[in-house]
Each structure stands twice: as C-alpha cells, then as structure tokens.
Amino acid sequence: MELLDGKKLSQEILSELKEKLADAKGPPPCVTFIRVGEDPASVYYVNSKQKKAALVGIESRLKTFPESITQEQLLEEIGSLNADSSVHGILVQAPLPSHMDERTVFNSVAPEKDVDGFSTNNLGRLVQEDPEAFVACTPAGIAEMIRRYKIKTEGRHVVVLGRSLIVGKPAALLFMRKDPFANATVTVCHSRTRNLSNITRQADILIAAIGQANFVTADMVSPGTIVVDVGINRVDDPSSKKGYRIVGDVDFDAVAPKCDAISPVPGGVGLMTVAMLMHNTMKAWELSQKKNH
Ligand SMILES: Nc1nc(=O)c2c([nH]1)NC[C@@H]1CN(c3ccc(C(=O)N[C@@H](CCC(=O)O)C(=O)O)cc3)C=[N+]21
C-alpha cells in the first residue's frame, strides 16, 4: 500500500509556483478572500490559505463581513473587486449564511477571477474542456495527485461517491475528459444509489466525497483499488487537545491494507486544494497579463 502524500506534493507544487514567480516583473498575483461571519473552520481555512499564498509570493487580501451583511451589499463588494485590476482572484469562502443564495453569489464573481471555479461560466467551460476554465480546487487537487503519482486513469473505472457542486460533479467531469490524464469511465454514486457496494467494488479508483466519517468500509473496496479520501469530518476525541480530530470519509485502518494506494486525512487532498488555489491564482494572473499585451 502506497500513501498518496498530499503534504509532499503540495509543497512541491508551492515551490514550483514560487520559483516561477521569482523572476516575475511588476505587481505579483493577488487573491482576495471574502469571509462572511466567524465560523471557526472558515477562519482556519482562510488563514491557512493566506499563509500558503505568502509562502509562494502571492499577495492575499482578506475582506470580512458580519453575518448580518445583506446579499445585495455582498454582491456590491464583489462587484468592486471585479472592477479592481490589482485583484486577479476572488474567493468567497463557503458556506455562506442561510439568507444568501450561494449560486447567485458565486455567479457574481467575474469568470476570469473565479479561482474557485464555482460559477456557471467556469463549470460550463469545464464541460466544454476549455483549457482556460478554472477548475474547482478540490477536484483539481485530486486529479493533480493522481497525475503526479503516475496513476493511469485511461480506460479505468473511476467511481465518485458524492455529487456536490464543489467536489463530486466537477471531479466526474474532470476524469471523463478526452485527455490522456483522464479518459476514464466514470460512475457517480450518491445517497440514493442502490447496491452501492456492488458499484464501489468495481472501482479502479474510488473517490470518497460524501462527508460522513467511516462511510467507506473494507467490504466496499476490492483489493488493489486506489482510494482518494476527500472527507473532512470532525469526530470527538477526548485525548486530543481540541477535543476532536479530523477524519475522512474512509475507514482508513480497515481499508488501507486492501489498497494499492490511498490518500490520508489529514495530509491528503485538503492540502492539494490549497495548492491548486495558488495554481489557479497564478493562472488568473497569467491570463490577465496575456490580455493586456
Ligand atoms: N469558496 C470555497 N472554496 C474552497 O475551496 C473551500 C471553501 N469555500 N469552504 C471550505 C472548503 C474546505 N477546504 C479545505 C481547504 C484546506 C484544507 C486543508 O488544508 N486540510 C489539511 C488540514 C486539515 C485540518 O487539520 O483541519 C489536511 O487535510 O491535511 C481542507 C479543506 C476548502 N474549501
């Protein structure tokens, strides 16, 4: 069993980006984060994204708003960032307060600054296999992990567990692209899927993005499978300082011995997500320079 090491890979990606930026002239890439409210997980994630940006030489800015901000006010703020030529990427941290419509908010980010890839425009361009599309950072991170470990996907069966906008759906689209690093046969399963384990046992590559701790058990996985665990679930752990720990969607201890390769949580896809955000910001910056010349 090989461990798919997101920590090592993400550091590799970040240092490649840093190197690329080292001899760049003019203002550096800039990503602006929007955080509404003080959800501790959001505070933590945005903070860690800002730290990684600084490491690479990407400028980052943070705009925070109280939960009481109206959607209209938020759209106005996004509008002024869209118009600000010193900002190359905009990321509205999810989840948003329940009085907002996430779809409307995500769609208000200018397509060329939508480094999250959540807007209609970028999802459409992903379906069209447009290389200039911004691909959502988590699916992009999964694909990059598989590519860098030289895991073949062509003609193989990729089973995606979960159909979310942010992970499951774009991941399925990525792996079915006409591309030597994709070309997979993709099955998407979700909460209404019947005989789930019959399907998951047919997977060459299993991507778990359900959001439920220990959902994927050993009987669901055939020997030799490659498992990518996208879950981030909090479970109580009195022996840890915080009183909880983060686990994925896979019962790691039981499943890992059966796998050819498996990504851990933490230390797996989460870190790749952050690295791909930096990649997307760099891409937004490069595309904006191309346009201005
Ligand atoms: N607009 C938007 N874009 C996002 O990309 C987005 C978002 N909203 N909302 C929340 C999710 C979650 N997410 C993660 C980022 C980093 C780790 C990460 O760094 N994980 C580390 C640390 C885990 C830990 O200890 O908590 C690891 O897996 O090793 C995980 C998850 C981005 N998201």
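Which residues does Ala-208 touch, not counting residues up to four places away in sequence? The legends below take up this point after an overview of the predicted model.

Figure 1. The mean pLDDT of the chain is 97, and 100% of its residues reach 70 or more. For the model, ipTM is 0.96 and pTM is 0.97.

**Figure 2. Surroundings of Ala-208 in the largest nonpolar core**. Leaving out residues up to four places away in sequence, Ala-208 touches Leu-161, Phe-215, Val-216, Val-227, Val-228, Asp-229, Val-230, Gly-231, Gly-248, Asp-249 and Val-250. The core itself has 81 residues, and those with the most contacts inside it are Val-160, Ile-207, Ala-208, Val-227 and Val-228. Helix H10 contributes the largest share of this core, with 11 residues. Domain 1 and domain 2 each provide at least three residues of the core. Two of the residues with the most contacts inside the core, Val-227 and Val-228, are also among those touched by Ala-208.

**Figure 3. The shell around the ligand**. Of the 18 residues around the ligand, Ala-94, Ile-246, Pro-266, Gly-270 and Thr-273 come nearest. By class, this shell comprises 11 nonpolar, six polar and one charged residues. At least two shell residues are supplied by each of helix H2 (40-56), strand S4 (89-92) and helix H10 (269-291). H10 gives the most, with four residues. The shell draws on both assigned domains, taking at least three residues from each of domain 1 and domain 2.

Figure 4. Most peptide bonds are trans. Pro-95 is placed in the loop between S4 and helix H4 (102-107). Pro-266 belongs to the loop between strand S11 (261-262) and H10. Ala-94 and Pro-266 are both among the residues that come nearest to the ligand.

**Figure 5. Positive phi at Lys-150 and Asn-183**. Most residues other than glycine have a negative phi. Lys-150, although not a glycine, has a positive phi of about 55°. This residue lies in the loop between helix H6 (137-148) and strand S5 (157-161). Lys-150 counts as exposed because it has 7 C-beta neighbours inside 10 Å, where the limit for an exposed residue is 12 or fewer. Phi of Asn-183 is near 55°, again a positive value in a residue other than glycine. Asn-183 is found in the loop between helix H7 (168-175) and strand S6 (185-189). With 15 other C-beta atoms within 10 Å, Asn-183 is partly exposed.

**Figure 6. Helix H7 and its packing partners**. H7 is mostly covered, since eight of its eight residues are buried. These buried residues are Gly-168, Lys-169, Pro-170, Ala-171, Ala-172, Leu-173, Leu-174 and Phe-175. They pack against helix H5 (120-127), H6, S5, S6 and strand S7 (205-208).

**Figure 7. Phe-175 in helix H7**. Phe-175 counts as buried because it has 26 C-beta neighbours inside 10 Å, where 20 or more are required. Beyond residues up to four places away in sequence, Phe-175 touches Thr-153, Val-158, Ala-182, Ala-184 and Val-186. The C-alpha atoms of Phe-175 and Gly-231, 56 residues apart along the chain, are separated by 19 Å.

**Figure 8. Val-109 in the loop between H4 and H5**. Val-109 has 27 C-beta neighbours inside 10 Å and therefore counts as buried. Its contacts, apart from neighbours within four places in sequence, are with Ile-78, Ile-90, Val-92, Asp-114 and Ser-119. Val-109 and Ser-222 are 113 residues apart in sequence and 42 Å apart in space, C-alpha to C-alpha.

Technical notes. Residues are numbered from 1 along each chain as its sequence is written. This is a predicted model: local features need pLDDT of at least 70, side-chain atom pairs count only at pLDDT 80 or more; totals for chains, interfaces and linings use all residues. A residue is near a molecule or strand if its C-beta atom, placed from the backbone, lies within 6 Å of it. Ala, Val, Leu, Ile, Met, Phe, Trp, Tyr, Cys and Pro count as nonpolar, Asp, Glu, Lys and Arg as charged, and the others, Gly among them, as polar. Domain bounds come from an automatic or database domain assignment. pLDDT is the predictor's confidence in each residue, from 0 to 100. A nonpolar core is a set of buried Ala, Val, Leu, Ile, Met, Phe, Trp, Tyr and Cys residues joined through C-beta atoms within 7 Å. Two residues are in contact if their C-beta atoms, placed from the backbone, lie within 7 Å.
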